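Have a look at the structure first, then read on.

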Amino acid sequence: MSLHPTLQPYADAWTHSIEAISELVQPLVEGEWNRRTPCPGWSVRDVVSHVIGLDCEMLGDPRPIHTLPRDLFHVTNEHQRYMEMQVDVRRHHTAPEMTSELEYTIIRRNRQLRNESRDPGAKVRGPLGTEQTLEEAMRIRAFDVWVHEQDLRTTLGRPGNLDSPGALIARDQLLAALPKVVAKDAGAPPGSAVVFDVHGPVEFMRTVRVDAEGRGSIDGAPSLGPSVSLTLDWETYVRLACGRVTADAVADRIKAEGEPELTAAILASFAVTP
C-alpha cells in the first residue's frame, strides 16, 4: 500500500518545506538560534521546536509532561498554551540537539508517509484532543510548516520558496478563510462584494460576496463596482493573514479602494491563524 493520491500533494509540500528548514538551520551557530522571528514570542529555536513537536504528534508520540512558566506574555489562550508546551520543553536545547532531533524526526516522518495506507477520511488526533481527518491534518501540517519556513527565511535574510508546493497549499488555506473574514469578522453588509487582487510569485484575483443573509462566499469572477478592492503582493498577503505584521506596518504595500470603514475592518480582521 502507498499514500492515497489525495494526500500526496500535502506530503510533497511538507517534505519540500521541512527539508528547506533543515537546510536553513543546519549551519546556524548557537546565538543565531535565539534570534526573534516574525512569529509572535518565538525565536528561531522556538519555531523549529514547534515544527518538531507537531510532527512528533503526527507520529503518535506522547506529549511532554511539562509545566509552563507563568511569564510567557504571548500565551493568552488554551490553543497557545497547547502549542507552547512542545516549544518551552526545548528552550534550553543546544544547536546540535536541535538539528539532530529535527533530522531524526524528518527520517521518522518520511518512513511514516512511505508506509501510510490509511484513507484520507480516517480520523486522527488533532490539537487539544480534537478529531481531524487524516487529509485535514496533513493539509494543515503542510501549511504550518511552509509558514514557519517563511518565518525563518525572514529572520535569517534568506528569502525564497514563495511559489513552492507549500505556498500553493497556503494560498488555498488562506482563501478558504476569506468569506468569514469579510462577512462575519469585518461585518460587510449584505449585498456587498470585496475584491482581492494579489500579485507576485503566487497570483490570484478573488471576490468575496455577501448574500442577503449575511453569508460570505468566494469566487474567481470579477465584481463591477465592489464595496472594497484590495491590491497587494503575495508575501504581504501571507504576512498579514498569518498575523506576522499589522496593516499599518505594511500600508505602503497595500492599495485600497472603496469604503474606508469596511476596508479598515477587513484589514483589522485579516489574521486567520490562531
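This is a predicted model: local features need pLDDT of at least 70, side-chain atom pairs count only at pLDDT 80 or more; totals for chains, interfaces and linings use all residues.

Residues are numbered from 1 along each chain as its sequence is written, and side-chain values use heavy atoms, with hydrogens and water left out.

**Empty spaces**

Rolling a probe the size of a water molecule over the atoms shows where empty space is left. On a 1 Å grid over the protein atoms alone, a cavity is a set of points where a 1.4 Å probe fits but cannot get out, while a pocket is an open set with protein on both sides within 12 Å along at least five of seven lines; lining residues have an atom within 4 Å of a point. Points join across faces, edges and corners, and volume is the space filled by probe spheres set on them.

Searching the whole structure turns up one cavity of 30 Å³ or more. The largest cavity has a volume of about 100 Å³, and its lining includes P38, V147, L162 and R244. Helix α5 gives the largest share of that lining, four residues. (Helices are DSSP runs of H or I with at least four residues, strands are E runs of at least two, and both are numbered from the N terminus.)

The second largest pocket comes in at about 170 Å³. Its lining has 13 residues, with E57, M58, G60, R118 and V124 nearest the centre. Here α4 gives the most, three residues.

**Helix α7**

Six of the eight residues of α7 (residues 234-241) are buried, so the helix is largely enclosed by the rest of the structure. Buried means under 20% relative accessible area, exposed over 50%, and partly exposed in between (1.4 Å probe, protein chains only). Among the buried ones are W234, Y237 and L240. After α7 comes G243, with a positive phi near 70°.

Most residues other than glycine have a negative phi. Which residues have a positive phi of about 60° although they are not glycine? L128 and N161 do.
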